[in-house]
Structure formats: C-alpha cells, structure tokens
Amino acid sequence: MHTIQERPVAIHGQAEIQPMMYFALSYDHRIANGSEAVRFWVFAGMLKGPESLLFEG
C-alpha cells in the first residue's frame, strides 16, 4: 500500500481531485494458488466500498 495522494479522476465525465492510494498484490505461486489471490482481491475491493459490507445492493 502506498500513501494517499490527491489525484485527478473522471467522475460522471468531469475531472475531479480525489484522494487515491495505490494497492498492489504479489504472491509466490508455489505457496498460494490463483484462487487464493483472487479471494484476496475481492476482499480488497470491499475496502474500496466498505458500505457494501453493511448494505446489500
């Protein structure tokens, strides 16, 4: 995980400045297979929108 920095992003066709953080995953395929890495990415996606943990749909 990197530091949070303000970056320009497109929202509804308009450029806006939003706080962004880069998140990277690397793993040793001899220890963890691809399905475990995908499960981790699903979890990481929930961090992007934590309200999805509280509210469905």
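Strand S2 lies largely in the open, because 0 of its 7 residues are buried; buried here means under 20% relative accessible area, exposed means over 50%, and partly exposed is in between (1.4 Å probe, protein chains only). Strands such as this one are DSSP runs of E with at least two residues, helices are runs of H or I with at least four, and both are numbered from the N terminus. Keep in mind that you're looking at a predicted model, where local features need pLDDT of at least 70, side-chain atom pairs count only at pLDDT 80 or more, and totals for chains, interfaces and linings use all residues. Residues are numbered from 1 along each chain as its sequence is written, and side-chain values use heavy atoms, with hydrogens and water left out.

Now let's see what S2 pairs with. Strand S1, residues 5-11, runs antiparallel to S2, and the two are joined over 7 bridges; DSSP has to find at least two bridges between strands for them to count as a pair. The hairpin of S1 and S2 has 2 residues between the strands. His12 sits in that loop, and its phi is near 55°, which is a positive value in a residue other than glycine. His12 also counts as exposed, because its relative accessible area is 80%.

Let's zoom in on one residue of S2 (residues 14-20), namely Gln18. Is Gln18 buried or exposed, or something in between? Its relative accessibility is 27%, so Gln18 counts as partly exposed. Leaving aside residues up to four places away in sequence, Gln18 touches Gln5, Glu6, Arg7, Val9 and Ile11, where a contact means heavy atoms within 4.5 Å. Pro8 is 10 residues away from Gln18 along the chain, yet their C-alpha atoms are separated by 6.3 Å. The side chain of Gln18 also makes a polar contact with the side chain of Glu16, at 3.3 Å. That term stands for a pair of N or O atoms within 3.5 Å; within protein, one must be able to donate a hydrogen and the other to accept it, and residues adjacent in sequence count only if both atoms are side-chain atoms.

Ser26 counts as exposed because its relative accessibility is 68%. Its C-alpha atom is 8.6 Å from that of Ala37, which is 11 residues away along the chain.

Next comes helix H1, residues 34-48, where you'll find Phe43. With 43% relative accessibility, Phe43 counts as partly exposed. Phe43 belongs to a nonpolar surface patch together with Val38, Phe40, Trp41, Val42 and Met46, and the accessible area of the patch is about 540 Å². Accessible areas like this come from the Shrake-Rupley method with a 1.4 Å probe, and for residues only the protein chains shown count as cover. Patches are made of residues with over 30% relative accessible area and no salt bridge, with like charges joined within 9 Å and nonpolar side chains (Val, Leu, Ile, Met, Phe, Trp, Tyr) within 5 Å. A salt bridge is a side-chain nitrogen of Lys or Arg within 4 Å of a carboxyl oxygen of Asp or Glu.

Finally, step back to the whole chain. It has 2 helices and 2 strands, in the pattern β-β-α-α along the sequence. Of its 57 residues, 9% count as buried.
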